[in-house]
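Colleague: Before we discuss particular features, could you take me through how each kind should be read, starting with the general idea and then turning to the case in hand?

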Amino acid sequence: MKYFQVVRNLHLWLGLALTLFLLIEAVTGLILSEPTLIGAGKTAHVQHSHISTEERKIPTNMNQNFTAEDSRKAEEHAKQISGDVSSLVFIKQLHQGIINSQNFRWIVNVIAIGIIILTLTGLYLSIPLLKAQFKNKT
């Protein structure tokens, strides 16, 4: 019975300590997944439309003396910088809601909403426990 109490108290206090971080993670993840929730989708499109056509052009003489070896070295360097490891790419795509090139972003949104609900209800349910523990100690 003592083991059960220790695990229960650990779960309670660890959950309380991590509540704020879980809420921040879930809410910001949901906002990143659906920026229209805060009205960011429309303004981001407008901001990009202010870039003139001249600013978007890539210089044509940029790749004149670029060999196959240079291309290979640049590709290796880009992989090192971007952290393009297959497991990391999979994890990043999973968090973006992309599985086998299919868009499952709605699943990520449902999970984020579930984490928000579970965190808030867990906090709500732990308040009476804390009051009872405090009352028993005094």
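Modeller: A salt bridge is a side-chain nitrogen of Lys or Arg within 4 Å of a carboxyl oxygen of Asp or Glu. This is a predicted model, in which local features need pLDDT of at least 70 and side-chain atom pairs count only at pLDDT 80 or more, whereas totals for chains, interfaces and linings use all residues. Residues are numbered from 1 along each chain as its sequence is written, and side-chain values use heavy atoms, with hydrogens and water left out.

Colleague: How many salt bridges does the structure hold, and which residue forms a salt bridge with R105?

Modeller: The structure holds one salt bridge, in which R105 is paired with E34, the closest N and O atoms being 3.2 Å apart. The pair links distant parts of the chain, 71 residues apart, with R105 in helix 6 and E34 in the loop between helix 1 and helix 2 (40-49); helices here are DSSP runs (H or I, at least four residues), numbered from the N terminus.

Colleague: How should I read the packing of two helices?

Modeller: Two packed helices are described by the angle between their axes and the distance between the axes. The axes of helix 1 and helix 6 come within 8 Å and cross at roughly 150 degrees, where axes are lines fitted to C-alpha atoms over the stretch in contact and angles run from 0 to 180 degrees between N-to-C directions. That makes helix 1 roughly antiparallel to helix 6, a label for angles over 145 degrees.

Colleague: And how are pockets found?

Modeller: Rolling a probe the size of a water molecule over the atoms shows where empty space is left. On a 1 Å grid with a 1.4 Å probe, a pocket is an open set of points with protein on both sides within 12 Å along at least five of seven lines, and lining residues have an atom within 4 Å of a point. The largest pocket has a volume of about 500 Å³, a volume being the space filled by probe spheres set on the points. Of its 20 lining residues, the closest to the centre are G29, H95, Q96, V108 and A112. Helix 1 gives the most to this lining, with eight residues.

Colleague: Which residues lie nearest the centre of the second largest pocket?

Modeller: H11, L12, G15, G122 and S126 do, among the 14 residues that line the second largest pocket, whose volume is about 310 Å³.

Definitions and conventions: Helix = DSSP H or I, 4+ residues; strand = E, 2+ residues; numbered from the N terminus. Parallel < 35°, antiparallel > 145°, perpendicular 65-115°, else oblique.
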